Amino acid sequence: MSVFGTVSVKNGRYRIKGDFHHITPSTPIRNQDYPWGLVGVTNPRDMTYIHTYGGEAVFFENLCKGKIHGTRCDNPDCTFKGTVYLPFRIHCPDCLAKNTVIDLTDVCRKTAVIHTYMVCERSGAFNTLDRPIRFINVEFEGISTILMSYLSTGTPEIGMRVVPIFRTQDPTYTITDLSWVPTGTPQEALPKGFSFE
Amino acid sequence: MITFSERQLRVPRLLRPVYLVTAGQSKFARAIPEKKTEELAIDAFTMAARLIEKSPAELKRYIHTAYYGHFADHFGDQLLGEAVIHDRLGLDPLGNVGIKTGGATGGSTLWEAVKAVASGYSDCVLAMGWERMDEVPTDEGNHLISCAADKDWETPLGHIYTGYYAVMAQKYWQVFGKQEESFRRTMAEISVKHHGYARFNPFAQAPMKITVDDVLQSPVVAYPLRALDCCLMSVGAACAIVCDEETALELTKNTTNKPLRIWVAAGSHTLRPACRRNMDIPLLPNETQDQYADLGERFPGGDRYPGFTGFLAARMAAWYGYRMTGIVDPMEDLDVIELHDAFTISDMQTYEDIGLRPYGEGRDFVESGDCYHINPHTGQPGRLPSNLSGGLIGCMHAVGATGIMQTFEIATHLWNRWSEIHGDPDLWREFGREKPQDWTDLQVRGAKRGLAISHAGVGSHVTATILMDPDHLLKDNA
């Protein structure tokens, strides 16, 4: 019986438990058009990666607490001091100083507007979102960048006012824990596990 | 970066002239189960040797270093695939290196190869690119491609790269296309043109005789993009040989290939479109600041540059490339081009990024008939025929090979060998493809200068490869 792989960190090192890969034998690929001659083999691969969020961990940790964090360059010597970033940037792309982490939840609630969008009927392997996926890019007042995310209810339009919702139950600690709905959407219309705060 | 220092805007200069002497490519197809990648690479190399009447062994004796373009190791489950190909080509122990810049990998491979010759490190360099996209199911392939987006901020959102790209298409469609039916039909016309030209290209994967309505009725992938608006997933290889002048003359002596001058310039922009910040439009030699002063009034929402409607990396590749080579107006100074038509709409966006038309007016390049081999409105040769290979929509997108395929195609026009190569009945037979009864010679008569744009995904990397007949340069000391 296999056990899902889990990882924690202790004394600065990864501690790994469980199964991180599953072994499946190769099978032959044969040519139906040419007396079933051998063409090649399948090479099954089933493995789990271990990945750190590093300095961005605060952003992903706080989504399930109903918070959106971004960053701001506060380096007085930077030509672009005061620029605010969401997506979160650990370092300023201009001066490379470490940015200040700031809570942007309120700005997002009050000023989020759809900059562009796309309704996508297809997805790739490992997708966990419901299809069609309503990709949206959200712009905010005072923030220099435009966040990519997805709309959970309604039909997206450029210029539509939206508000953030958060997967507070059974969070995945990925960017999918953050979603958006049109302004005025009632709590009961939110997807299971999501709330406004 | 949204402002540039003078040093960053220095016009690049090659320390000595570099020449493209020959190139070759394999068949391109969605799947080629009968051949390993090394066989495809050898097919491409053998063709390059044949075009200058050399045996592969003879050509190999000139090569000093090798640059290999292969984007997605994941697809083949083979790291250091470059070393495999290098060994199978029998080029050990020469120095070699792999290049990876997403969809621009082929162009970037040429960029590195040209610099190796220009610097004097090597006199003769092999640039070889390939991709193998047939060894995983399509949905897993889509996941692997989506890994070229930001793995924390984008990939978990559907694991589908089209979604990250198509938001940009949507913005362009609404701002510059104004959601007009006529604009949508112009997008579809690009697909009709590229699938149509692919019918005359024996290397091409998706030759089709289709109509605008066929495109408009094909399945929606991500509205407004439909299946026939999108590029192919392909298997295949392409290569080019670049040399200094002395070696180029020796390699091409008594052959049909005239050595062509080659330059490659490159630009980049954020991997995440989300991170694009507002900036001034870097102007090409044929533009003025004034002409964009009212862009936001003419196209509401179009005043944010590059926003989600322009590709800064393409603009910068052209910015450097045109100044390197003396191009002032690409419509006047170039004779034939190959653009990175990942989608019909991105083909149109590129017309603006590289200055074929001003920002906001890209559709006119198609609607005027300028982009055709023969302008359908006048019956005369098009002013600047584009993607006569069929491009990524009709010919192939074997990622690491694509930029090299485009350069091969441009070169065949400048060598005046397009018809000889693409019309060769033996080649059609060898690839198991039927040469159409109405096969048409697409040679651009008298072509002396050409351009190929190689472009990565949402615009993270773009290269501009410029080829010129050395007797028709635009600038001294280029």
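Predicted model: local features only at pLDDT ≥ 70, side-chain atom pairs only at ≥ 80, totals over all residues.
**Entry 1: the contact between the chains**

I counted 37 residues from chain B in the contact, against 43 residues from chain A. Together the two chains bury about 3,600 Å², and carbon and sulfur atoms give 64% of that area.

The rule finds two salt bridges between chain B and chain A. One of them joins A:Asp94 to B:Arg277, with the closest N and O atoms 3.0 Å apart.

Which elements of chain B each supply at least two residues of the side that touches chain A? I found helix 6 (138-146), helix 7 (161-175) and strand 5 (220-222). Helix 7 of chain B gives the most, with seven residues. Sorting the residues on this side of chain B by type, I got 18 nonpolar, eight polar and eleven charged.

**Entry 2: strand 11 of chain A and its sheet**

I then turned to strand 11 of chain A, residues 162-167, and asked how many of its six residues are buried. The answer is six of six. Both faces are covered: A:Val162, A:Pro164 and A:Phe166 are buried on one side, and A:Val163, A:Ile165 and A:Arg167 are buried on the other.

For its partners, I looked at strand 12 of chain A (residues 178-182) and found an antiparallel pairing with strand 11 over five bridges. Within that pairing, A:Phe166 stands opposite A:Leu178, and A:Val163 stands opposite A:Val181. Strand 13 of chain A (residues 194-195) also pairs with strand 11 in the antiparallel sense, over two bridges. There I noted A:Phe194 as the bridge partner of A:Arg167.

Put together, the three strands of chain A make an open antiparallel sheet in the order 12-11-13. Why is one side of strand 12 and of strand 13 left without a neighbour in the sheet? Both stand at the edges and each has a single partner strand, so one side of each has no neighbour there.

**Entry 3: two buried loop residues in chain B**

I finished with two loop positions in chain B. B:Ser386 sits in the loop between helix 15 (363-367) and helix 16 (391-394). Buried or exposed, I asked of B:Ser386? It is buried, with a relative accessible area of 0%. Its side chain makes a polar contact with the side chain of B:Lys193, at 2.8 Å. Not counting residues up to four places away in sequence, B:Ser386 touches B:Lys193, B:His194, B:Tyr197, B:Ile337, B:Phe365 and B:Cys371.

B:Gly360 lies in the loop between helix 14 (344-353) and helix 15 of chain B. I found B:Gly360 buried as well, with a relative accessible area of 8%. Leaving aside neighbours within four places in sequence, I listed B:Phe176, B:Phe299 and B:Glu352 as the contacts of B:Gly360. I also checked B:Gly177, which is 183 residues from B:Gly360 along the chain; the C-alpha atoms of the two are separated by 8.3 Å.

Technical notes. Residues numbered from 1 in each chain as written. Chains lettered and ligands numbered in written order. Heavy atoms only, no water. Contact = heavy atoms within 4.5 Å. Buried area = accessible area lost by both parts, 1.4 Å probe. Salt bridge = Lys/Arg side-chain N within 4 Å of Asp/Glu carboxyl O. Helix = DSSP H or I, 4+ residues; strand = E, 2+ residues; numbered from the N terminus. Nonpolar A, V, L, I, M, F, W, Y, C, P; charged D, E, K, R; others polar. Buried < 20%, exposed > 50% of the residue type's maximum accessible area, 1.4 Å probe, protein only. Pairing = 2+ DSSP bridges. Polar contact = N/O pair within 3.5 Å; in protein donor to acceptor, adjacent residues only side chain to side chain.
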